[in-house]
Every structure is written in structure tokens, then in C-alpha cells.
Amino acid sequence: MKVTEKNREEPGFPEFLKFLGGKALVERPIHSEFDIISLTNEGITKQSLEALIGYLGISKKAFSENILDTSVKTIERKKSTDKLSKHITSVAIEIAQVVEHAMEVFENEEKVKGWFNSPIRALNYQKPIELLSSPTGLRMVNDILGRIEYGVYS
């Protein structure tokens, strides 16, 4: 996915970062995908992950176990300012980018949450939130959002 900066008032702060807690939690500027790789290597904080989980309206346990494939206790043991692993950070960033796309399509936070938590016919009646655990699932969800965005029957 391309790094998009819709918020021209804050260059270096792409929209998807607000789903990870915004500038207060992700202080590094993001100008390119190389900056995203650097952020992934550095790791986001537990607070950033919790911001994303809260935005999606899913329990920390469900998110940890079903999407991150890790124990909720592993996440809970960390302090809110502790950095997370590359794997967890990478998955969180990818999900935040898909959530950004959903916000562009639906333009309403409640509609986005509802869509992520509703069975979708084009996704074999699975909820988009259930598919976020794999790169293929993320791509499928993002593709469906693109189809909705351009008015293709989904």
C-alpha cells in the first residue's frame, strides 16, 4: 500500500497512524515505505496496539489470539510504553492501513466498525475482522473495500 498523507497540516503523518494512537504514540515521521519498515523494526508500543484494538471494537483477547496468534497474557505482561515485536508491529500497521481504507470508503467510524464485524457475502459470509490474521485475508478485505469504493457489486 502506498503511504498517503491526506492531512496536509501534518506532513510526515499518514492517516493510518491515527489508528495506532496518533502522533502522541507514534512520534516518528513517515514519508515513505522505508520509514514504515524502520517503524516495524523499531516496534510500536503496547499503547499503540491497544488504540487499534479499541478502534476495531474487538476484545484484546480475541485480537491477540485470533489475529496476532499470541497469548493475551504475552501482551498484558508488557508495560504500555514497551515496544512490541516486529511481527506484531507489522501486522498492526497493515491492519491500520486497511482500516484507513475503510474510513475512506465509509467516511464514518460506526459504519467501519459495523462493516468489520458483519458477515460479508463477497468474503464467503465471513466477517472482515476474522480475515485480518493473514496477508491473504488482509488483501481480500482491502480488495473488497476497493470494489465498494468504485461501485463494483460486492
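Tutor: The largest nonpolar core has 46 residues. A nonpolar core here is a set of buried Ala, Val, Leu, Ile, Met, Phe, Trp, Tyr and Cys residues joined through side-chain atoms within 4.5 Å. Buried means under 20% relative accessible area, exposed means over 50%, and partly exposed lies in between, with a 1.4 Å probe and protein chains only. The residues with the most contacts inside the core are L20, F63, I95 and F116. Six helices, α1, α2, α3, α5, α6 and α7 (135-149), each supply at least two residues of this core, and α5 gives the most, with twelve residues. In soluble globular proteins, nonpolar side chains tend to be buried together.

The model is predicted: local features need pLDDT of at least 70 and side-chain atom pairs count only at pLDDT 80 or more, while totals for chains, interfaces and linings use all residues. Residues are numbered from 1 along each chain as its sequence is written, and side-chain values use heavy atoms, with hydrogens and water left out.

Consider I95 in detail. Leaving aside neighbours within four places in sequence, I95 is in contact with L52, L56, F63, I67, L132 and L138, where contact means heavy atoms within 4.5 Å.

D69 lies between α3 (60-67) and α4 (72-76), and D69 has a positive phi of about 55 degrees although it is not a glycine. D69 counts as exposed because its relative accessible area is 70%.

What does T45 touch, not counting residues up to four places away in sequence? T45 touches S80, T81, D82, K83 and L84. T45 sits in the loop between α1 (33-42) and α2 (46-56), yet T45 is buried, because its relative accessible area is 9%. In helix α1 one finds I37, which is partly exposed at 46% relative accessible area. I37 and S90 are 53 residues apart in sequence and 8.4 Å apart in space, C-alpha to C-alpha.

The whole chain provides the setting for these details. The protein chain has seven helices and zero strands; helices (H or I, at least four residues) and strands (E, at least two) are DSSP runs, numbered from the N terminus. Of its 154 residues, 45% count as buried. Among contacts with a separation of 6 or more, 54% join residues 24 or more positions apart. The C-alpha atoms of the chain fill a box of roughly 45 × 40 × 25 Å, taken along the principal axes. A compact globule of 154 residues would have a radius of gyration near 15 Å, and the chain has 15 Å, which agrees. That radius is taken over C-alpha atoms, and the globule rule is 2.2 Å times the number of residues to the power 0.38.
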